[in-house]
Amino acid sequence: MKCDVFFDLLAREASAAEFEAPLLEARVAGADPRVLAELETTKAAALRVRSLLEHRARREAELAALFDTASDLAGLHGLDAVLEAIVRRARRLLGADVSYMTLSDDERGDTCMRVTDGSVSAAFRALRIPLGAGLAGLVAQTGTPYSTPDYFADERFNHRTYIDAAVQEEDLVAILGVPMRLGPRVIGVLFAANRSARPFVPEEVALLASLAAHAAIAIDNARLLDETRAALEELSAANELIKARSAAVERAAHAHDRMTTLAVRGGGVQDVAEVIIDVLGGALLVLDAEGRRLAAVGDLGDLGEPDDATVTEAARASRSLGRAVQRGRLWIASLAAGAEVLGTLILRAPAAGELSGSDQRILERGALVTALLLLFRRSVAEAEGRVRGELLDDLLSGRVTDLDALRARARLIGFDLGAPYVLVVVRHDADRPRATFWATSYASAAGGLFAIRSDEIVLLLPGLDPGAVARRAAKDCGTALGTTATAGAAGPVDTAADVAAAHREAGRCADALRALGRAGHGAGAAELGFVGLLLGDGRDVTGFLTSALGPVLDYDERRGTKLIQTLEIYFEVGGSLARAAERLHVHVNTVTQRLDRVGRLLGERWQDPERTLEIQLALRLHRLTVTADR
């Protein structure tokens with residue numbers, strides 16, 4: 001019955017003071033000493049049981065708290081979040097005023113304050129503590145837990161003024177520190193501290209040490225996770241870079257394939273420029289060595305014709321560096337073969353004007369292919385020019401004996417000897433290489449032949465109108481060579497045997513133009529009137545008479561009038577109406593009327609000096625022709 005009382009007290013978790021009540025009641029009731037002794041023994045046993053139960057309950061609570069802590073830490077990923085959770089849980093488990101953590105810095109050989117909970121001092125939160133200094137340095141150095149009920153009175157620690165000042169500012173007195181270990185290495189120290197003096201019991205030390213062990217693992221896991229995440233991010237970035245570079249290489253290779261395929265299939269500079277812009281975007285301008293435009297692609301609105309000085313300087317830099325150079329939004333690459341400059345490629349890049357390294361390589365490959373095309377085109381033109389020149393030289397020599405062989409050579413360059421051609425002689429004062437280059441290009445473009453003879457260019461070009469062909473040749477040659485070019489033409493000719501004669505006539509026509517003060521112009525022999533009659537080998541008298549007097553001759557023949565006779569006498573008497581009327585035995589008014597009729601037939605300007613000279617020559621040829629017919 002007496003034991004039941006204590007069982008009831010244990011069952012309802014009574015306080016230790018309540019266990020004295022049964023013994024006091026027995027004493028008051030005058031119980032036997034043996035009964036009192038038995039009660040005393042039973043009470044002591046009950047208190048021991050109570051203490052054991054209380055210890056186990058506390059231990060269970062601590063274990064539950066550690067289990068919860070481990071679960072919470074396992075769910076955290078970032079290192080900072082893990083550290084904050086550890087320090088916060090330490091403060092709660094030990095009921096401390098402040099908890100904090102320092103981490104070892106292997107590079108600097110000390111330990112630094114990393115996370116605090118409950119701290120109010122900025123100086124305390126910024127502490128760096130050398131190994132062996134203060135309580136924190138001692139725990140970090142030895143890897144052994146240390147606690148003190150009164151830090152400032154404890155002589156076991158190497159007190160440093162700045163450390164003590166920070167601890168004093170935080171108003172800490174009792175401090176417990178336990179190491180956080182990973183194998184043999186101490187990675188940090190976990191602390192619980194109070195602002196009043198009190199000892200830390202072994203159970204608290206063990207509890208904080210258990211938490212520190214969990215914390216060390218959690219910290220290591222968080223670090224590994226951060227490192228893994230960083231490694232994955234680096235791998236991902238590297239993978240993206242590899243993908244981007246692979247795509248850039250594939251893009252550059254594809255562009256290069258397209259450009260080389262164009263070159264192999266006979267594409268031109270314009271085709272290559274279009275490929276470059278299709279790949280890079282923007283606008284492109286290709287200039288030859290003289291600064292003339294060879295190709296243009298894209299919207300050139302704000303590109304236009306770039307400043308010559310800028311282009312010249314950038315092209316020189318490009319040749320020196322062997323790569324494209326940037327000038328504002330323009331990228332400029334020189335087109336060169338060794339020391340020879342072939343031209344310049346100018347790109348206005350899209351967006352902000354920047355090109356990636358691979359895009360620069362594409363532009364440089366485009367410049368290289370363009371230079372190769374220009375070299376190839378020039379080589380072909382030179383080779384074809386030699387063939388065309390040799391063929392025309394043979395025709396001009398007049399010593400052609402094997403016409404079949406000549407026609408076979410002509411067919412190889414697409415020239416039809418049986419078609420009508422005009423022979424043009426261009427007089428100029430440009431140097432021979434420039435004249436040769438122009439003649440080669442001009443003849444090839446027109447589908448004709450050319451030959452170079454001292455100060456003249458000889459062209460055999462398709463056409464039926466010598467004058468029109470000559471004027472076009474004179475203008476184009478003068479513009480291209482920057483000099484005065486005079487062109488005389490003869491023809492059309494459609495047989496090999498006529499070429500030499502046409503050459504002589506065209507040459508005389510060009511000389512006549514110069515003699516007449518018409519240098520820089522072009523004309524056919526027939527367009528020079530009586531001068532052409534004198535110069536031409538054919539001497540087409542009938543054609544000249546028809547041109548000069550045809551309407552008057554026709555009028556006389558139809559009407560039976562004497563307009564031709566009146567003209568002859570009018571010129572013979574020096575243009576005197578009266579003397580002409582006397583010679584004709586008619587009235588002066590009749591002469592005037594006849595001359596008015598002539599004016600209507602030949603045109604108002606028939607009495608201009610140049611025209612009257614032609615008319616008088618035609619009248620004399622007419623008289624000779626009539627006399628010969630009789």
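This is a predicted model: local features need pLDDT of at least 70, side-chain atom pairs count only at pLDDT 80 or more; totals for chains, interfaces and linings use all residues.
The ring-pair count comes to eight aromatic pairs, and two stacked examples are described here, Tyr100 with Phe191 and Trp438 with Tyr442.

**Aromatic pairs**

- Eight aromatic pairs are found when ring centres within 6.5 Å are taken as the rule.
- Tyr100 and Phe191 form a stacked pair, because their ring centres are 4.4 Å apart and their planes meet at 15 degrees, under the 30 degrees that stacking requires.
- This pair joins distant parts of the chain: Tyr100 sits in strand E1 (residues 98–105) and Phe191 in strand E6 (residues 185–194), 91 residues apart.
- Both partners are buried, with a relative accessibility of 4% for Tyr100 and 1% for Phe191.
- Trp438 and Tyr442 are stacked as well, since their ring centres are 4.6 Å apart and their planes are at 20 degrees.
- Here the two partners are four residues apart in helix H13 (residues 432–446), so about one helical turn separates Trp438 from Tyr442.
- Trp438 is buried at 9% relative accessible area, and Tyr442 is buried at 15%.
- Ring pairs also tie Tyr146, Tyr151, Phe152 and Phe157 together as a cluster.

**The surroundings of Phe191**

- Leaving aside residues up to four places away in sequence, Phe191 touches Val98, Ser99, Tyr100, Thr102, Leu135, Ala136, Ile175, Leu176, Gly177 and Leu208.
- Take Ile175 as one of these contacts: Phe191 and Ile175 are 16 residues apart in sequence, and their C-alpha atoms are 7.0 Å apart in space.

- Helix H19 (residues 577–584) has Ala580, Ala581 and Leu584 as its buried residues.
- These residues lie on the same side of H19, because they cover an arc of only 100 degrees around the axis.
- Two packed helices are described by the angle between their axes and the distance between the axes.
- For H19 and H20, the angle is about 105 degrees and the axes are 8 Å apart.
- H19 and H20 are therefore roughly perpendicular to each other, a label that covers angles of 65 to 115 degrees.
- On the H19 side, Leu577, Ala578, Ala580, Ala581 and Leu584 take part, and they meet Val588, Val591, Thr592, Arg594 and Leu595 of H20.
- By class, this contact of H19 with H20 has eight nonpolar residues, one polar and one charged.

**Positive phi angles**

- Most residues other than glycine have a negative phi.
- His585 is not a glycine, yet its phi is positive at about 60 degrees.
- Asp171 belongs to the loop between helix H7 (161–170) and strand E5 (174–182).
- At 40% relative accessibility, Asp171 counts as partly exposed.

Technical notes:
Residues are numbered from 1 along each chain as its sequence is written. Side-chain values use heavy atoms; hydrogens and water are left out. Rings of Phe, Tyr and Trp (its six-membered ring) pair if their centres lie within 6.5 Å; planes under 30 degrees apart count as stacked, over 60 as edge-to-face and the rest as tilted. Helices (H or I, at least four residues) and strands (E, at least two) are DSSP runs, numbered from the N terminus. Buried means under 20% relative accessible area, exposed over 50%, partly exposed in between (1.4 Å probe, protein chains only). The arc is that of the directions from the helix axis to the C-beta atoms. Axes are lines fitted to C-alpha atoms, for helices over the stretch in contact, and angles run from 0 to 180 degrees between N-to-C directions. Angles under 35 degrees count as roughly parallel, over 145 as roughly antiparallel, 65 to 115 as roughly perpendicular and the rest as oblique. Contact means heavy atoms within 4.5 Å. Ala, Val, Leu, Ile, Met, Phe, Trp, Tyr, Cys and Pro count as nonpolar, Asp, Glu, Lys and Arg as charged, and the others, Gly among them, as polar.
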